[in-house]
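Biologist: Please show me the model. I would like to go through it briefly.

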Amino acid sequence: MSANLINLLLEATGQTLYMVAISALFGTLLGLPLGLFLATSQRGELVSMPWVNKILGLVVNATRSVPFIILVVAIIPFTRMVAGTSIGTTAAIVPLTIATVPFIARLVENAIREVDAGLIEAARAMGATPVQIITKVLLREALPSIILGLTLAIVSLIGYSAMVGAVGGEGLGDLGIRYGYQRFMPDVMAIVVVILIVLVQLVQSIGERIAAAVDKRATKSGGQ
Amino acid sequence: MTENKTRGASIAFDTVGKSFNKAGGVSFNALDNVSLSVAPGSITGIIGRSGAGKSTLLRMVNGLERPTSGRVLVAGQEVSTAKGAQLRAIRRDVGMIFQHFNLLSTRTVAGNIALPLEIAGVKAPQIKTRVADLIDRVGLTDHAGRYPAELSGGQKQRIGIARALATEPKVLLSDEATSALDPETTQTVLALLKDINRDLGLTILLITHEMAVVRDIASHVAVIEAGRIVEHGATYDIFTAPQHATTRSFLSGVTGVTLPAFVRDRLVQNAPAHGGEEVVRVTFTGTHATDPMLARLTKDMGIPVNILAGAIEEIGTHPYGNLLISLPVLQAAQARAFLENHGLTTEMLGYVG
């Protein structure tokens with residue numbers, strides 16, 4: 001394989017990592033509080049705001065219904081406003097983030113809702129404020145599930161990032177299409193696929209390890 | 001222990017009602033005109049079947065539930081209308097333990113006990129000494145750094161108790177705290193609650209569906225049925241002279257005195273036309289519990305007595321006997337009068353042919 005091709009592969013891997021890392025970061029920064037709100041704002045819940053909850057739920061569902069490739073093109077004006085350009089790797093981060101926020105929000109919502117209602121009751125009985133219940137009980141107890149959810153979100157971001165070639169996003173997926181498919185270079189395609197598999201495996205096993213380390217629900221030695 | 005002697009607070013339910021609006025506009029009365037006062041420093045048990053409203057009643061004491069009518073007062077302070085910071089302050093004076101412990105799985109024993117103190121804004125060094133004290137009190141000194149998942153049910157409930165005591169409450173609420181534990185563990189947990197009541201003088205209000213729990217630690221008991229308190233008073237009085245059918249059915253399980261199956265299956269409510277036997281429950285209380293009354297019945301009156309089942313046990317420190325006997329129908333009234341005249345209580349259960 002030519003040095004040129006190796007350079008291309010390295011560059012593409014770097015671009016993919018860059019897009020995934022930044023959009024995962026922004027996706028979490030926005031999706032985590034949104035998920036937390038969705039999980040605690042229904043009628044009679046900690047920060048009961050049923051109407052806001054309903055509206056945000058609708059927005060989340062709407063965003064999640066749009067196929068990613070259509071979202072990428074549909075929000076081009078918005079992307080230009082935020083990133084200053086609608087083409088390139090940095091510009092691709094905008095649709096990636098927008099697609100990830102509602103996904104992470106739902107995953108976080110589910111993780112928070114899994115926390116035993118008895119724990120919320122116990123905290124209320126101690127005289128905890130809603131903020132204390134969220135920070136000291138809900139977030140901490142849901143942490144293993146939240147970490148697994150974020151792992152899942154990053155894995156699907158790696159998949160989405162392959163589609164942003166449509167707006168010049170580059171990265172591994174784009175390289176695979178342009179060289180492996182359009183220029184009939186099956187070896188490039190194979191290498192791209194292998195790198196993606198390795199990336200996903202790495203993300204998954206790191207995520208699982210961190211989740212297991214913060215999860216104290218079962219004994220390591222399989223006690224009671 | 002360098003425990004401050006806290007004085008328990010009184011709890012008062014004043015004509016408390018709670019109705020839920022169910023789907024279709026039908027309202028359901030979970031509690032109906034409940035009035036009950038709990039003396040400071042007492043251990044009071046509320047017993048009832050599931051759905052009787054006991055849990056709703058208990059949860060009103062720390063404002064987890066609000067009554068739709070009436071008032072709930074703790075140490076004279078109205079809980080039922082308290083909000084925000086005021087309600088949170090009351091809650092710090094009312095500890096609570098739960099059937100399923102409700103411990104944070106991600107915090108150690110020490111971390112769980114520290115939680116209410118962190119919530120109350122106590123400073124870290126004080127939390128540390130207070131938590132160490134509490135861990136010693138509940139006998140978990142060697143387990144401070146372990147996680148709840150590594151401990152047994154009894155140990156988990158001890159964490160729950162220590163956590164409930166952390167903010168030095170005046171009242172301890174127990175929501176079926178021993179229902180998920182085996183009988184032996186139940187005894188140790190009840191003994192711990194008794195010690196705490198004695199040492200700290202705090203009021204304990206517990207709900208249970210087990211009369212044995214009431215017998216073992218409660219000085220007072222209230223029986224709740226379909227949202228109403230049907231009977232309440234000192235535990236000994238309720239055990240020895242239950243007035244309400246619900247109370248009796250709870251007691252029949254715990255006194256260990258039930259009719260043998262071969263008699264129960266043949267029991268009828270109308271006297272047989274010829275002869276037959278009358279089945280009678282005889283209760284012995286106080287000083288009479290050890291008198292040989294049945295022997296005298298046979299010897300002095302010449303009435304034959306057939307003993308079907310019986311036991312003598314202790315409620316608090318008082319002996320309490322319970323016998324099931326059968327007597328010839330024709331002499332039964334005479335025999336019962338004799339027993340009643342000697343301070344025993346009798347109750348006709350039915351006839352066998």
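Modeller: Two strands pair if DSSP finds at least two bridges between them. Strands (E, at least two residues) and helices (H or I, at least four) are DSSP runs, numbered from the N terminus. The model is predicted: local features need pLDDT of at least 70, side-chain atom pairs count only at pLDDT 80 or more, and totals for chains, interfaces and linings use all residues. Residues are numbered from 1 along each chain as its sequence is written, with chains lettered from A and ligands numbered from 1 in the order written.

Biologist: What order do the four strands of the open sheet in chain B have?

Modeller: The pairing is antiparallel. The edge strands, β12 (306-315) and β14 (345-352) of chain B, each pair on one side only. The order is β12-β13-β11-β14.

Biologist: Over how many bridges do β11 and β13 of chain B pair?

Modeller: β11 spans residues 277-285 of chain B, and β13 spans residues 318-328. Phe284(B) stands opposite Gly321(B) in β13(B). The antiparallel pairing of β11 and β13 runs over nine bridges.

Biologist: Which helix of chain B packs on the sheet?

Modeller: The helix touches β11, β13 and β14 of chain B (contact: C-beta atoms, placed from the backbone, within 7 Å). Its direction makes about 160° with that of β13(B); axes are lines fitted to C-alpha atoms, for helices over the stretch in contact, and angles run from 0 to 180 degrees between N-to-C directions. The helix is α12 (residues 329-341).

Biologist: Which elements give two or more residues to the side of chain A that touches chain B?

Modeller: The contact takes 23 residues from chain A and 22 residues from chain B. The elements are α6 (117-125) and α7 (130-161) of chain A.

Conventions:
Two residues are in contact if their C-beta atoms, placed from the backbone, lie within 7 Å.
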